[in-house]
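Please look over the structure shown below before reading the briefing that follows. The notes are grouped by topic.

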Amino acid sequence: MTEVRPRIRLPRSASAGDSIVVKTLINHDMESGQRRNSAGETIPRQIINRFTCEFNGVMVLDAALEPAISANPYMEFEAVVPESGDFVFTWYDDNGEVYTATETFEVS
Amino acid sequence: MQHLKPAKTLALASACVAALWSGAALADPDLSADLMIDGELHIVTQAPADDIVPNLPARYSGWLFRDPATRDMQADDFENPAMLAVDSGAELWETADGTAGQSCQDCHDDAEESMAGVRARMPHVNADGELWSMENYVNNCRTERMGAEAWRWSGGEMTSMTAFISMQSRGMPVAVQIDGPAAPYWEQGRDMYYTRYGQLELSCSSCHEESTGMMIRADHLSQGQISGFPTYRLKNAGIVSIHNRFRGCIRDTRAETFAEGSEEFRALELYVASRGMGLDVEGVSVRP
């Protein structure tokens, strides 16, 4: 697989206490474990099985992902920002790898 | 071709005729839709017909035939999954490869300038009089100048690179050369377009001229424009090249297809590109 590269998008600005839309995208094959290769052997499952988003150490979202989710999973959700701080996004791969991305958000 | 007109202008009688075609979608193409990328860049998705396309009422991008959710995905660069390929293409652009230890950037510098308009002019007749697609130019650089191995026509590296290069022409009108040395290729492509292939005896025209706007299985038949290529196809969850799409179409007529990169497909690419002259290059589009 090519290098995993998470993408994050937050709004440019918001006031303290506002609810903002958070968008994330990560490139991943999300191999379901249901397919076979040309030799007829099952291709082992390898998906992102968990995604979390924390803001200043507080869990915003903790999602379990399943094999039916398409490649390059896109997540969009709302989060309340009580103050300025750091969003930490974490993707957990079946192969044990963990991908993280951090994005600072300033409230106005 | 009553079903091509916007529903609101249809007279009652022609609406009845259109309704008789089972599966004809009156809303296709949705001519009220306007493609604005990130609220900033306007993309031309409709252009007038001319002598090149005498059988079309006007030129319509495939984008107009897609459902609103798919259209929205392309209107937002963050949601457009093809941008993942554009990112990898940008990385390949500056990565040295081959015995010469050179990257694309070493010769071509900033792609934003050097590659602007390239997609709009492809395919193009090269100095030796041969019609080349973008993939040929890329591989020629790799094997002749970089001392690197050629990439597979529809392999991940190649589609990422063509996606990245095509992005530099986004919003520029398709303007391929079809006269002079390109004329015989263009004529070859036109003849192919109207040739019925396969057990189903279908030509490109059977679907993309005569049946535009109707349903093909669960999908809508567009004019088969290639101004949006390379495209992210949701069913493939990946980038699809022009020749890959041609191959799929011909296979669906139950014919033995031409090979990707073959002279036949390059000629067809030129002719089909010319059918989209005036439409904007979409860089990397999203299709179902």
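In which sense do strand E9 and E11(B) of chain B pair, and over how many bridges? Strand E9 (residues 231-233) and E11(B) pair in the parallel sense over three bridges, where two strands count as paired if DSSP finds at least two bridges between them, and where helices (H or I, at least four residues) and strands (E, at least two) are DSSP runs numbered from the N terminus. This is a predicted model, in which local features need pLDDT of at least 70 and side-chain atom pairs count only at pLDDT 80 or more, while totals for chains, interfaces and linings use all residues. Residues are numbered from 1 along each chain as its sequence is written, and chains are lettered from A and ligands numbered from 1 in the order in which they are written.

**The sheet**
- The strands of chain B form an open sheet of three in the order E10-E9-E11, with mixed pairing.
- Strand E10 (238-240) and strand E11 (285-287) of chain B stand at the edges with a single partner strand each, so one side of each is left without a neighbour in the sheet.
- Within E11(B), B:Arg287 is the residue that stands opposite B:Arg233.

**The two domains of chain B**
- Chain B is divided into domain 1 (30-77 + 171-287) and domain 2 (82-167), with bounds that come from an automatic or database domain assignment.
- The centres of domain 1 and domain 2 of chain B, taken over C-alpha atoms, are separated by 22 Å.
- In chain B, 27 residues of domain 1 are in contact with 22 residues of domain 2, contact meaning that the C-beta atoms of two residues, placed from the backbone, lie within 7 Å.
- On the side of domain 1 of chain B that touches domain 2 of chain B, helix H11 (242-252) and helix H12 (263-274) of chain B each supply at least two residues, and the largest share, five residues, comes from H12(B).

**B:His243**
- B:His243 has its place in helix H11 of chain B, and B:His243 is buried, with 24 other C-beta atoms within 10 Å (buried means 20 or more such atoms within 10 Å, exposed 12 or fewer, and partly exposed in between, with C-beta atoms placed from the backbone).
- Leaving aside neighbours within four places in sequence, B:His243 is in contact with B:Trp153, B:Glu260, B:Gly261 and B:Phe265.
- B:His243 and B:Ser262 are 19 residues apart in sequence and 8.9 Å apart in space, C-alpha to C-alpha.

**The contact between chains**
- Eight residues of chain B are in contact with 11 residues of chain A, and helix H3 (residues 82-93) of chain B gives the most to the side of chain B that touches chain A, with three residues.
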